[in-house]
Amino acid sequence: MTDPLLRVDDVSLGYDGRPVLEHISFVVVRGEFAALLGPNGAGKTTLFRGILGLIPPLAGRIDYGFNRRETPPGYVPQKESLDPIFPLTAYEVVLMGAAARVPPLWPIGRERRRLAAECLARVGLSDAAEEPFWTLSGGQKQRVLIARALAVEPQLLLLDEPTAGVDPGAEAAIVDVITRLNRDRGLTVLIVSHHLRLVREVVGSVIWVEDGSATKGTTAEMLSTERLADVFGAAARSL
Amino acid sequence: MSILTEMLSRDFLLRDALVGSILVGLVCPLVGVYFVLRRMIFLGVALPQLSAAGVAFAFMLKSITGVHQHGESGERILAMAGSLGFALVGLVVLAALERHGRETLEARIGIAYALAAATSILFVATDPYGEAEMTRLLKGDIVTTTATNLRLLMAVLGSVAIALVALRKELLLVSFDRDMAVVLGKRAALWDTVLYLLIGVTISFGVMTAGPLVTFGFLVAPPLTARLVTRHMLSFSAVAAGLGACIAFVGFYVAYRFDLPLGPTDVALSIVVLVIVGVLREAVRSVRARRLRR
């Protein structure tokens with residue numbers, strides 16, 4: 001369980017050559033369930049996008065304990081980032097993940113199609129396979145996007161605020177899916193969230209992003225009442 | 001009925017024009033699907049106009065250099081090069097500005113359209129022959145399509161259609177979720193370039209065959225209509241292409257039957273179909289909603 005799956009080594013990240021985060025170092029080990037937390041505007045998204053490979057580091061290295069070309073990470077974006085104009089069913093969205101390793105010009109074979117259906121079943125949405133993606137509820141959409149990420153057959157699952165804008169019932173279903181994937185299948189999970197209660201309940205470690213740097217520790221350490229009060233003020237005692 | 005029989009007969013005088021028209025109607029919507037999905041419909045106005053400006057530029061070049069001796073085929077190749085060149089350069093510049101520019105996309109497209117429309121006229125202002133040719137082109141005079149032009153059109157637009165079908169999973173992923181595509185190791189910029197190239201080729205051949213108005217009409221109206229009635233990506237593309245081909249055929253019939261210009265007839269018919277399908281869809285929706293309320 002101490003096999004490093006993601007190593008961020010003295011990394012600086014930013015835009016147009018200007019760093020937002022500097023000298024960031026931490027390791028996420030195989031099977032870990034970690035959360036990226038911090039105040040708004042602290043650079044969580046920048047760090048997340050750097051880990052995803054969407055922005056190149058200005059300095060330092062990000063190493064993966066797997067071959068990114070052969071096994072890309074599973075990425076779950078926020079559902080609002082996708083345009084509802086695309087006429088896609090839930091199954092077609094998941095199929096995009098299943099087809100990730102199919103070379104250009106090659107058709108998507110039966111095996112990949114079966115994998116897409118299995119991933120949809122794994123998030124409890126087999127019945128919604130032929131439903132238009134945009135007619136699903138917020139929670140269902142988010143679970144479809146988790147199924148799409150699983151269809152990549154990843155070793156590392158990266159989720160961007162998966163419970164944002166969903167009702168408590170849907171939130172419980174999403175958290176249940178992610179927790180089972182981590183606990184039962186040993187999938188390494190890194191989640192961006194603002195939801196402190198959720199993080200406290202299910203996440204093992206926290207990467208706290210603030211003032212241009214990041215610190216990693218256990219959830220208990222990083223989310224202690226005293227620490228939260230330091231960051232968010234007295235109101236944090238009720239969180 | 002006799003006109004329909006005449007149109008379908010092998011020795012129909014305008015058979016090449018009919019087939020060319022259907023081909024443009026079939027392939028333009030396949031490209032237009034990405035205009036609709038990527039929300040760049042206005043680009044569908046600007047690019048055909050840029051392509052037409054390229055044709056005008058070719059006429060001006062020919063007029064300045066006095067290259068008249070190569071006959072119609074040489075003239076057509078020059079016009080084709082101008083059309084394709086302007087469409088592709090326009091696409092590249094607009095795509096580059098999308099990443100680095102500060103103005104809104106609408107502003108850039110508006111400026112590109114205005115510039116293209118103005119230069120289309122200015123390039124041929126001193127050449128009466130060129131001016132007449134441009135007027136013919138802008139009206140969408142597809143009836144002058146020859147057997148040679150048709151063979152070229154079939155080869156080019158056929159290749160575009162095959163490429164769009166064969167590369168649909170890559171083009172769809174990059175269009176739907178660019179970040180996901182990059183995370184999966186896909187070269188998003190390369191696939192954008194491939195799509196732009198297919199768009200540029202389709203538009204320039206569409207403009208050369210049917211004019212900018214018809215090309216824009218077929219790029220946009222059939223996909224918008226298909227979007228109203230389909231829920232799968234594959235059926236969306238198939239219905240858009242099928243509708244485009246049907247409209248091209250019916251448009252040809254109407255134009256031939258009532259002696260109307262083909263280009264505007266096709267465009268008007270596309271919009272009529274869009275409005276009818278839109279109204280029917282809303283009617284079906286309200287009936288369903290009323291039933292559910294009971």
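Trainee: In what order do the three strands of the open sheet in chain A lie?

Mentor: As a general idea, the strands of a sheet pair through backbone hydrogen bonds, in either a parallel or an antiparallel manner. In this predicted model, the order is E2-E1-E4 in chain A, and the pairing is antiparallel. Strand E2 (18-29) and strand E4 (59-64) of chain A are the edge strands, each pairing on one side only. From one strand to the next, the twist averages 20°.

Trainee: Over how many bridges do strand E1 and E4(A) pair?

Mentor: Strand E1 (residues 4-15) of chain A joins E4(A) over five bridges, in the antiparallel sense. A:Ser12 stands opposite A:Ala59, which belongs to E4(A).

Trainee: Is helix H1 of chain A mostly covered or mostly uncovered?

Mentor: A residue counts as buried if 20 or more other C-beta atoms lie within 10 Å of its own. By that criterion, seven of the nine residues of helix H1 (residues 44-52) of chain A are buried, and the helix is mostly covered. Among these buried residues are A:Leu47, A:Phe48 and A:Ile51. H1(A) lies across E1, E2 and E4 of chain A and runs at about 125° to E1(A). Just after H1(A), A:Gly53 has a positive phi of about 90°.

Trainee: How many residues does the contact take from chain B and from chain A?

Mentor: The contact takes 24 residues from chain A and 21 residues from chain B. On the side of chain B that touches chain A, helix H8 (168-176), helix H9 (178-183) and helix H12 (233-258) of chain B each supply at least two residues. The residues of that side comprise eleven nonpolar, three polar and seven charged.

Note on methods. Residues are numbered from 1 along each chain as its sequence is written. Chains are lettered from A and ligands numbered from 1 in the order in which they are written. This is a predicted model: local features need pLDDT of at least 70, side-chain atom pairs count only at pLDDT 80 or more; totals for chains, interfaces and linings use all residues. A residue is buried if 20 or more other C-beta atoms lie within 10 Å of its own, exposed if 12 or fewer, and partly exposed in between; C-beta atoms are placed from the backbone. Helices (H or I, at least four residues) and strands (E, at least two) are DSSP runs, numbered from the N terminus. Two strands pair if DSSP finds at least two bridges between them. Axes are lines fitted to C-alpha atoms, for helices over the stretch in contact, and angles run from 0 to 180 degrees between N-to-C directions. Two residues are in contact if their C-beta atoms, placed from the backbone, lie within 7 Å. Ala, Val, Leu, Ile, Met, Phe, Trp, Tyr, Cys and Pro count as nonpolar, Asp, Glu, Lys and Arg as charged, and the others, Gly among them, as polar.
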